[in-house]
Amino acid sequence: MNTESFFRTALFSVVSALVLSTSGAMAQPKLSPDNIDEVIKAMTLDEKATICIGGGRAVTTGGVSTGITDLVKGAAGSTRKIERLGIPNTVLADGPAGLRIDPTREGDTKTYYATAFPIGTLLASSWDTSLVEQMTAALGNEVLEYGVDVLLAPGQNIHRNPLNGRNYEYFSEDPLLSGKMAAAYVRGVQSNGVGTSIKHYALNNQETNRNENDAIVGERALREIYLKNFEITVKESHPWTVMSSYNKLNGDYTQQSKDLLTTVLRDEWGFDGMVMTDWGNKADTPKAVWAGNDLMEPGNVVEKERIIAAIQNGTLSEADLDRNVKRILEYIVKTPSFKGYKHSDKPDLKAHAEVARKAAGESIVLLRNEGGVLPIEAKGQKVALYGESIVDFVAGGTGSGTVNKAYCVNMVEALTDAGFKLAPSIVGFYDEYVKYNDAVLALSGTQRTYRYGISKFDDPSVPRSAIDLHANNNDFAVVVLGRISGEGSDRNMDNDFNLTDIERQLLSDVHSAFHALGKKVIVVLNIGGVIETNSWKRMADAIILPWLPGQEGANAVADVMTGKVNPSGKLPMSFPIDFMDHPSSSDFPYNQVKTNTPFGTARAAGSHEKDVDYTEYNEGIWVGYRYFETNGTEVSYPFGFGLSYTEFTYSAPVVKASPEGGFTASITVRNNGKAAGKEAVQVYVHAPEGGMEKPALELKAFGKTRLLQPGESQTLSFKVSDYELASFNEQVSRWETAPGTYTVHFASNVRDIRQSASFKIAKMKTFPVHEKACLAK
Ligand code: BGC
């Protein structure tokens, strides 16, 4: 090139650059982490609105091609691409217990199975944040390697009531345990360079009429119970995204609440990621944009049109839209899709199955072990197994929390593998029963929701004396009680929380037949939520609670039964004596006829009629053990309860007021028994009189020892700040830590306090909230 043509070309480039930069939509910058503002300037209004709506449920929505089918089949959603600006699609997929994508695909011989890991409730039962982080690091690797950018998890709504159909996805009735578990979960997944979406923010504590239900909640309960866990997770783990819930809170849809999505989430807690809606389209999209709900999922062009119209008629400011677009682009530049990551579609499923088995084993709760019946050495022992779940073991719940796994080990396989001998006739019987039942269900097109598990024992034409329980030919019995529940409907009090008559009969028959011969009965609870245990637990010598432990969970149960794993899980919620003992039960829509979802079934007669348009959280902060411990209500199993095959002693603790406020503490735990084991130590605080009314005990910290050999000790340390001790005073709208003497209890469960010490706070400490926050109207 000669000098003249060089200058001509250079001049042309300068002029073109000037023209493009002043002509807005004509400019074609390509998105990079450094030019987001420039890209926004170059976007047309149509493009800005487009980027705020997800890719839709289908290939094309209203004529806009989403490219979703080119992405990952079976993924729940996507973000849209704008090719001219170098903005790619990104992929969002469920869910908490493993990646939910299509495992097999038309015209494709490859398979895309994901690992079914233990559910959230089981993870919380571990009381072990590092275990959770390790497990979710493996889960996040599947997200990355299957080409997904964000895992729509973890779910962290509070277990307000045992009947919420989705409790299985969630962690606990306690906000600290829930918040810490979710933070560990997020850290594990995000260590792979993919995102998470903590959900459902907030108050999605029931499934009945979940799209329209208005949660009427006072600000203290909101701040201390229902938002606290999200606050902890946001502050400690920086999730890429938050998912707003379907329901309303005090009159506003949460996805349209500026107080919730901007003032509290961002301005108070410092969240700097993207907010997306749960998978539903609400009428007032511009209000959601204004409130700070950046992305509408799954996305519908109607929403785009509403945004455009609102900007054009001046009811929505372009600055609000630009702010949301910016957050979406900031998310996009972090994704593997943007970075062009070449996923393998070949995560190491074998290695991850091992991770799942370990996580389940370390979290299983041993509820009962009379006379040390467990562990049982497998060799030579003959076992009679009862219950539909012995062959059809429940790995996880239904709805978006489902995982398309390659297999699920059942109890028959797991116990056989562990070296037990099983009575073939009983196994054959349940096998046939499950097949028959599945065929009936397939014909009627219904989905099985409960696993009563017993069939033959239900047949009134069969005389009870004719039922052979095989007690003579077996050394002991295992009865597996199963339950499955999930998205879209809540559980019932009758025949679900409470056992069915058939289950009760079976337990009683097995108990009589085996105990008459001096043989033992073990019950395994393969359940997604709390059930009634008090009326029947004495019929069992041992009760093992694996919840829904994923595809390897039955192996984990065998590991615990045989002592290969010493159980160290503890309950993340209370097991009440009666369903109605929970203050929230009187306002929970149990046994409802009215439900709004495809999964909902007509409820039994005698339903507890209640207007499901709203739910009043009249119990305030008195959720779970906060109520039971303060009120002195008996429970079947207390919060934090779980047995071990060994014994631990707690030394005198050291508790000191900390110069920065709050306290520091340490305690040494010694394994005084004969088996190696781990202990989860729970730190509860009792606040001084004179301040606000407080629960008798509140969990303020916890820690788990490593595997301690007999005779071995470990010192655990804790640090709790003033702010973490505070309660929310609605009258003056601020957090307050009262002065006085605080008692710090070190406990094995909330009713088994081993050591206590105290420290003093000299002066009242106060913590303002954002001046504009107005959560309770
Ligand atoms: C569920 C979410 C889920 C989404 C996408 C919704 O119905 O409530 O938890 O992430 O669907 O599948």
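Let me start at the ligand: a polar side-chain atom of Tyr 246 lies 2.7 Å from one of its oxygen atoms. I call that a polar contact, meaning a pair of N or O atoms within 3.5 Å. His 200 also places a polar side-chain atom 2.7 Å from an oxygen atom of the ligand, and for Lys 199 the distance is 2.9 Å. On its own the ligand has 310 Å² of accessible area, and the protein covers 94% of that; areas are by the Shrake-Rupley method with a 1.4 Å probe.

A word on the source. This is a predicted model, where local features need pLDDT of at least 70 and side-chain atom pairs pLDDT 80 or more, while totals for chains, interfaces and linings use all residues. Residues are numbered from 1 along each chain as its sequence is written, and side-chain values use heavy atoms, without hydrogens and water.

Back to the ligand. Its shell has 14 residues, with Asp 94, His 200, Tyr 246, Asp 278 and Glu 487 the closest; the cut-off is a heavy atom within 4 Å. By class, the shell holds seven charged, five nonpolar and two polar residues. Tyr counts as nonpolar in this scheme, and Gly as polar.

Next, a helix pair. Helix α6, residues 175–190, and helix α8, residues 228–237, have axes that come within 8 Å and cross at roughly 35°. Helices here are DSSP runs (H or I, at least four residues), and axes are fitted to C-alpha atoms over the stretch in contact, with angles from 0 to 180 degrees. The crossing is right-handed. Among the contact residues are Ala 183 and Val 186 of α6 and Ile 232 of α8, contact being heavy atoms within 4.5 Å.

Key
Helices (H or I, at least four residues) and strands (E, at least two) are DSSP runs, numbered from the N terminus. A crossing is left-handed if the near helix is turned anticlockwise from the far one by less than a right angle, and right-handed if clockwise. A polar contact is a pair of N or O atoms within 3.5 Å; within protein, one must be able to donate a hydrogen and the other to accept it, and residues adjacent in sequence count only if both atoms are side-chain atoms.
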